[in-house]
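Colleague: I am new to this structure and would like to learn how to read it feature by feature. Could you show it to me, and then take me through it?

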Amino acid sequence: MKFDKNGNLRETKTLTYGEFEKEFGFNESRTDKLKRVLLFLKILKSLGCASVYIAGSFVTSKEFPNDIDLCVDATNIDYLKLTKEYPEFLQTKGIEKIKKEHSVHFAAFFDFGSTEILDWFKKDRDDNPRGLVKIYLNDIDDYD
């Protein structure tokens, strides 16, 4: 990965989960967070989600990010199944618990074509540009 002087990705990348794990799981703390997010990626795939974006400090060169910011492409999600089987994904207390216990922050659910949240994540706190990582979930079940 190519990072700028601020530690930000220079551009948005599309990676498999395995590539993402290899590139960003470079210490025990990061590997632990990746194992936790994998569970949610598998759940999201089971709901019909085809891809997610990883944003925030996890896709920088920061050694110990606090969490993984997950932007979910909700275009094909089965909302009936989501509300019945995983209502915590839509509840503030449930999201807070997931973030606290699993270090996964559901930053946004967005529909295809809506780029506002992604555009916001393409800037860091100092308004510097940064890339995101897009992961297609078609082969996510191949990973443990």
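This is a predicted model: local features need pLDDT of at least 70, side-chain atom pairs count only at pLDDT 80 or more; totals for chains, interfaces and linings use all residues.

Colleague: Where does Ile77 lie, and which residues is it in contact with?

Modeller: Contact means heavy atoms within 4.5 Å. Ile77 lies in the loop between S3 and helix H3 (79-85), and, leaving aside neighbours within four places in sequence, it is in contact with Leu44, Leu47, Gly48, Cys49, Val72, Leu82 and Phe109. Leu44 is 33 residues away from Ile77 along the chain, and their C-alpha atoms are separated by 7.9 Å.

Colleague: How many helices and strands are there, and what pattern do they follow?

Modeller: Helices (H or I, at least four residues) and strands (E, at least two) are DSSP runs, numbered from the N terminus. The protein has 5 helices and 5 strands, and along the sequence they follow the pattern β-α-α-β-β-α-α-β-α-β. The radius of gyration, taken over C-alpha atoms, is compared with a globule rule of 2.2 Å times the number of residues to the power 0.38. Here the radius of gyration is 14 Å, close to the 15 Å that the rule gives for 144 residues, so the protein is as compact as a globular protein of that length. Of the contacts with a separation of 6 or more, 70% are between residues 24 or more positions apart.

Colleague: Which residues touch the most other members of the largest nonpolar core?

Modeller: A nonpolar core is a set of buried Ala, Val, Leu, Ile, Met, Phe, Trp, Tyr and Cys residues joined through side-chain atoms within 4.5 Å. The largest one here has 35 residues, and Tyr17, Phe20, Leu44, Val52, Leu70 and Phe106 touch the most other members. Among the elements that give two or more residues to this core are helix H1 (17-24), strand S2 (51-55) and strand S5 (133-136), whereas the largest share, 7 residues, comes from H2. Apart from this core lies another, of 7 residues, including Cys71, Phe110, Leu118 and Phe121.

Colleague: How should I read the phi of Ser103 and of Asp127?

Modeller: Most residues other than glycine have a negative phi. Ser103, however, has a positive phi, near 60°, and is found in the loop between H4 and S4. Asp127 also has a positive phi, of about 70°, and is found in the loop between helix H5 (116-121) and S5.

Colleague: Is each of these two residues buried or exposed?

Modeller: Ser103 is buried, with a relative accessible area of 14%, whereas Asp127 counts as exposed, at 53% relative accessibility.

Note on methods
Residues are numbered from 1 along each chain as its sequence is written. Side-chain values use heavy atoms; hydrogens and water are left out. Buried means under 20% relative accessible area, exposed over 50%, partly exposed in between (1.4 Å probe, protein chains only).
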